[in-house]
2 protein chains.
Amino acid sequence: MPTVAQLRAFAALAERLHFREAAAELGMSQPALSNAVAALEETLGTRLVERTTRRVLLTRSGEEVARRARAVLGGIEELAEAAQATGRPFTGEVHIGVIPTVAPYLLPALLRPLKTRYPDLGIVLHEQQTSRIHLSLAAGQLDLAVLATPVDGLGLTAMHLYDEDFMLVYPGDDPRPPRGPVPLTTLRELPVLVMEEGHCLREQTLEVCHEAGVDGFASTRAASLATLVQLVAGGLGVTLLPSTAAVIEARPGSGLAATSFHAPAPGRSIVLVHRTSSPRAQEFAALAETMRSAVRAHGMAVRLPEQSVTAAASRSVPRQAAAARRSRG
Amino acid sequence: MPTVAQLRAFAALAERLHFREAAAELGMSQPALSNAVAALEETLGTRLVERTTRRVLLTRSGEEVARRARAVLGGIEELAEAAQATGRPFTGEVHIGVIPTVAPYLLPALLRPLKTRYPDLGIVLHEQQTSRIHLSLAAGQLDLAVLATPVDGLGLTAMHLYDEDFMLVYPGDDPRPPRGPVPLTTLRELPVLVMEEGHCLREQTLEVCHEAGVDGFASTRAASLATLVQLVAGGLGVTLLPSTAAVIEARPGSGLAATSFHAPAPGRSIVLVHRTSSPRAQEFAALAETMRSAVRAHGMAVRLPEQSVTAAASRSVPRQAAAARRSRG
DNA sequence: GGGCGGCGATAGGAGACGGCTATCAATCCG
DNA sequence: CGGATTGATAGCCGTCTCCTATCGCCGCCC
């Protein structure tokens, strides 16, 4: 197969029709160029140049090959440029997976600031459940994901965005509404509604209820958070929602009310994760920082840890950390 | 600059997403492929693949580069094929220069046989004077030329086509027409018309006249062979024409007559020449042979040297027929 | 949880290829 | 007929790439 060096050599020769000049143009010696052209003729099995000591002419094949060689070299040049252009950070597309219990409450705070700050970055959102997100992330269909702890982060790097407490959400027409923060044990006496399989919020709710000593759950399973909310409003039970969701869903006139738990309140952390092996890690860290700023600026009902105010608390997700957060939540 | 080997390596990897398989496909070892891809990333200054020991993913740049690499490799492949296709003999175009005193008499014999025998060969004719033909040939604008001896063949190779005698052409209404072959000295008593500068026939005529001891020429110079013929028919003098031209121009009803000279009659050889350095020499030799056959088959008024007669002994038109025709004209 | 198998990266040595300088052979010029 | 110029050749050397052997890491499975 012809080499790039051979094509370059021949293209220069075809341009100049003079071995020494062409060699000089390429910064090589005349014999080197002679060799390269001869080698190209050898591999192609065709004479490309008619050589006399006084004249250099291209054969028919030579004309054709010269034309194509120029095209090929141009293509390689463009390839190199395109590689660098495509590799430029904050350009092109970034595919972000977001879990359904976070998306509707977080995205309004994020989208505008991200678009403003990175106008050349196309953000493509994928609202998927945690397990699906893990698959897509591993397969490269997603670059980033917004997940809730615990994250079993094999080969993933998680960057902390914010913490949110769980709140008790109950019907707005409750005859004996709680006053102020309630203890976790309150849950024991209530029918707790949970979502159906596949949503991480379900697992988190069950975990909290286990801590609180609950063993009776409402039999109905909600397929979506919207359904869950409607069920509560309909008086079928109570549920736990992250504070970011609770303040929205239990807004005045919604038919719902929400209250927080005594400290230490149960909660979860929301993190931005990417494959540890991604070469865009630095770019993604900057995105995480922008997201934190956006969350603060938007006044979301979250707890922002001190360290995240200063720097990105990004780290590879160890099993221990995940376990600790799980027991805390 | 990226090398072809690197692009091939990366393209294979992008296809398989597996170093060992890709290496096997290319018939190289896995470390070699690893190296090649790493080198490509180095020269491009961009990560192309996300490597984990368990997973290989393309980055954005990788996707783009893979696409372009495939295109470039395809282009190189096509280049190689095109080089060989273009180099195939008896295809494409061949540019042939023919001197004006030969073209109208030779080409009718040649064109059909050549087209029949080499249907894929496009013959492009250029009727030019000898000096111009030499320039065009040297510049590569012509591949072949049909010239008359003497040919100053610096860097040129001549292949003999045929010999033609000069004949004396005189007005058809001459009161004392010659009977049979005449001696060269006949020219001394006649006003000889010659062509203007630039035509090799002029030089050849002058040479013959010098041999014959002529010093008086008609003052008019013909710009073309057609003009020359008209001048003779008009009674302004006589001239010398090659037999191939004479038998055509002095045909019955033309107002001209022609007669041959005593042996050894003056004449010239018509040759097919090409640059000695041309890689198509073999192809051109075959063309020359075909031309000789065509000349024989067409019954042109020429002398064919022995070796070319034996080569086509079955092909009729032996030298007796030519001689008979010569005496007839 | 620990051994096992498969993966890509790394190390070191052998080989080839391409590069250079020096020189030759052929052609054009005066 | 000599000088100058051009492309080809010879011989040597550096570098680059390829190979085999091995490592470190990760996922799997008993």
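Me: By class, how many nonpolar, polar and charged residues does the surface near DNA strand C have?

Reply: Classes first. Ala, Val, Leu, Ile, Met, Phe, Trp, Tyr, Cys and Pro count as nonpolar; Asp, Glu, Lys and Arg count as charged; the others, Gly among them, count as polar. The surface near DNA strand C has 10 nonpolar, 10 polar and 3 charged residues. This model is predicted: local features need pLDDT of at least 70, side-chain atom pairs count only at pLDDT 80 or more, and totals for chains, interfaces and linings use all residues. Residues are numbered from 1 along each chain as its sequence is written, while chains are lettered from A and ligands numbered from 1 in the order in which they are written.

Me: Which residues come nearest to DNA strand C?

Reply: A residue is near a molecule or strand if its C-beta atom, placed from the backbone, lies within 6 Å of it. Of the 23 residues around DNA strand C, A:Ser29, A:Ala32, B:Phe19, B:Pro31 and B:Ser34 come nearest. Two or more residues each come from α3 of chain A and from α2 (19–26) and α3 of chain B. The largest share, 5 residues, is from α3(A). Helices (H or I, at least four residues) and strands (E, at least two) are DSSP runs, numbered from the N terminus.

Me: Which element gives the most to the surface near DNA strand D?

Reply: That is α3(B), with 5 residues. There are 21 residues around DNA strand D, and A:Phe19, A:Pro31, A:Ser34, B:Ser29 and B:Ala32 come nearest. By class, this surface has 10 nonpolar, 8 polar and 3 charged residues.

Me: How many residues of chain A are in contact with chain B?

Reply: Two residues are in contact if their C-beta atoms, placed from the backbone, lie within 7 Å. Here 40 residues of chain A are in contact with 40 residues of chain B. On the chain A side, β1 (49–51) and α4 (60–87) each supply at least two residues. The largest share, 18 residues, comes from α4(A). The chain A side divides into 16 nonpolar, 15 polar and 9 charged residues.

Me: At what angle do α1 and α4 of chain B pack?

Reply: Axes are lines fitted to C-alpha atoms, for helices over the stretch in contact, and angles run from 0 to 180 degrees between N-to-C directions. Helix α1 (residues 4–16) and helix α4 (residues 60–87) of chain B pack at about 125°, with axes 9 Å apart. So α1(B) and α4(B) are oblique to each other. Angles under 35 degrees are roughly parallel, over 145 roughly antiparallel, 65 to 115 roughly perpendicular, and the rest oblique. By class, their contact has 11 nonpolar, 1 polar and 2 charged residues.

Me: Is A:Ile270 buried or exposed?

Reply: A residue is buried if 20 or more other C-beta atoms lie within 10 Å of its own, exposed if 12 or fewer, and partly exposed in between; C-beta atoms are placed from the backbone. A:Ile270 counts as buried because it has 26 C-beta neighbours inside 10 Å. A:Ile270 is in strand β11 (residues 267–275) of chain A. Sequence and space can be read together here: A:Ile270 and A:His160 are 110 residues apart in sequence and 6.4 Å apart in space, C-alpha to C-alpha.

Me: Where is A:Phe90 found?

Reply: A:Phe90 is in the loop between α4 and β3 (92–98) of chain A. Its phi is positive, about 65°, although A:Phe90 is not a glycine. A:Phe90 counts as partly exposed, with 15 C-beta neighbours inside 10 Å.
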